[in-house]
Amino acid sequence: MATLAHHTPQTPFLSRLPLRPKPRAFSARVKMSLQESAPSLAVVGVTGAVGQEFLSVLSDRDFPYSSVKMLASKRSAGKRVAFDGREYTVEELRAESFDGVDIALFSAGGSISKEFGPRAAERGTIVVDNSSAFRMVEGVPLVIPEVNPEAMRGIKVGNGKGALIANPNCSTIICLMAVTPLHHHAKVKRMVVSTYQAASGAGAAAMEELVQQTREVLAGKPPTCNIFSQQYAFNLFSHNAPVTENGYNEEEMKLVKETRKIWNDTEVKVTATCIRVPVMRAHAESVNLQFENPLDENTARELLRKAPGVYIIDDRASNTFPTPLDVSNKDDVAVGRIRRDVSQDGNFGLDIFVCGDQIRKGAALNAVQIAEMLL
């Protein structure tokens, strides 16, 4: 990744950052994903950061499809989008857009999802929604495929029924990918999470603003604050989600509520503090755990080593642990700083540090993995 020291005015800084992989050239291997017998797809919000990542992940994983519709707002209609060596014209999102569509991946915001998600499901489309619109709705599965695949049992392409499936919040996904293997072994009683969340969580415009502010501050100019109400470059602040009556912001309460739903455990105690940090892409989380049954750190390492979608960076001798750069543009979640909580007696507490790509596993990859389970 480029650094500020390497930046020159002739080379825009943002263009040198790994925001998303470029579309791959058309190849024989990619052709195999286009099949007449495969499901038809729609990508809603295709011009946004997560929408573009949907396309990248679908291509990377050779997701089988017979056709694909690129859908977005009226403002984006008519734009051209590259996917698997072909160009597609973006269409304006309408209710009838879902006629004949088997699977729709949504990342267009909660209000759009609330309006068009149910309409799509009524037309027989299985909707995988990346917003918060349906996450806590009873009867709507909230799914991390490595954690609770059983939640969407019975929902399949070809059964003639539409459905809504919710993608959890990015912070919840990244956290539970690492914590769930430990929870299954020793049962988590209480979890304290502190997050360090990247600009990518607020979309492409926030990433652009972080770059712009960095330039401005280094040049001694006042920072432009359009996306966030305060300086982001060289600063950190409480997550910009609205603060609720109990003093927690909505991002923090998502971690509380979604963890209980995904684990199907209303008794587990969860508290969170979510912070926005001036990192371009990928979130980090400090997680403190209290268990019902003992779990020593060596056993925890073995459990995490075997866990799908997780890898360990935990070298105390060289002081090497997970960083956002380690996981940017990567599918798996990294975990380190695995140690016994010395504030608790015995082996009933652990501290871990987790990093995951917010756009990839925290959003697009998880949604495509859900879609793969529908086949």
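Modeller: Start with Tyr232, which has a relative accessible area of 0% and is therefore buried (under 20%; exposed is over 50%, partly exposed in between, with a 1.4 Å probe and protein chains only). Phe228, at 3% relative accessibility, also counts as buried. The model is predicted, with local features needing pLDDT of at least 70 and side-chain atom pairs pLDDT 80 or more, while totals for chains, interfaces and linings use all residues. Residues are numbered from 1 along each chain as its sequence is written, and side-chain values use heavy atoms, without hydrogens or water.

Take Cys170 to begin with. Cys170 belongs to helix 4, which covers residues 170-186 (a DSSP run of H or I, at least four residues; a strand is a run of E, at least two). Its relative accessible area is 8%, so Cys170 is buried. Beyond residues up to four places away in sequence, Cys170 touches Glu251, His283, Gln358 and Gly362 (heavy atoms within 4.5 Å).

His283 sits in strand 12, residues 283-291. With a relative accessible area of 1%, His283 is buried. Once neighbours within four places in sequence are set aside, the residues in contact with His283 include Cys170, Ser171 and Ile174 from one stretch of the list, Tyr196, Gln197 and Ala198 from another, and also Val354, Cys355 and Gln358.

Tyr196, one of the residues in contact with His283, leads on to the aromatic rings. The model has seven aromatic pairs (Phe, Tyr or six-membered Trp rings with centres within 6.5 Å; stacked under 30 degrees, edge-to-face over 60, the rest tilted). Tyr196 and Phe353 are tilted, because their planes stand at 50°, with centres 6.2 Å apart. This pair links distant parts of the chain, as Tyr196 is in strand 9 (residues 188-197) and Phe353 in strand 15 (residues 349-356), 157 residues apart. Tyr196 has a relative accessible area of 33%, so Tyr196 is partly exposed. Phe228 and Tyr232 form an edge-to-face pair, 4.9 Å centre to centre and with 70° between the planes.
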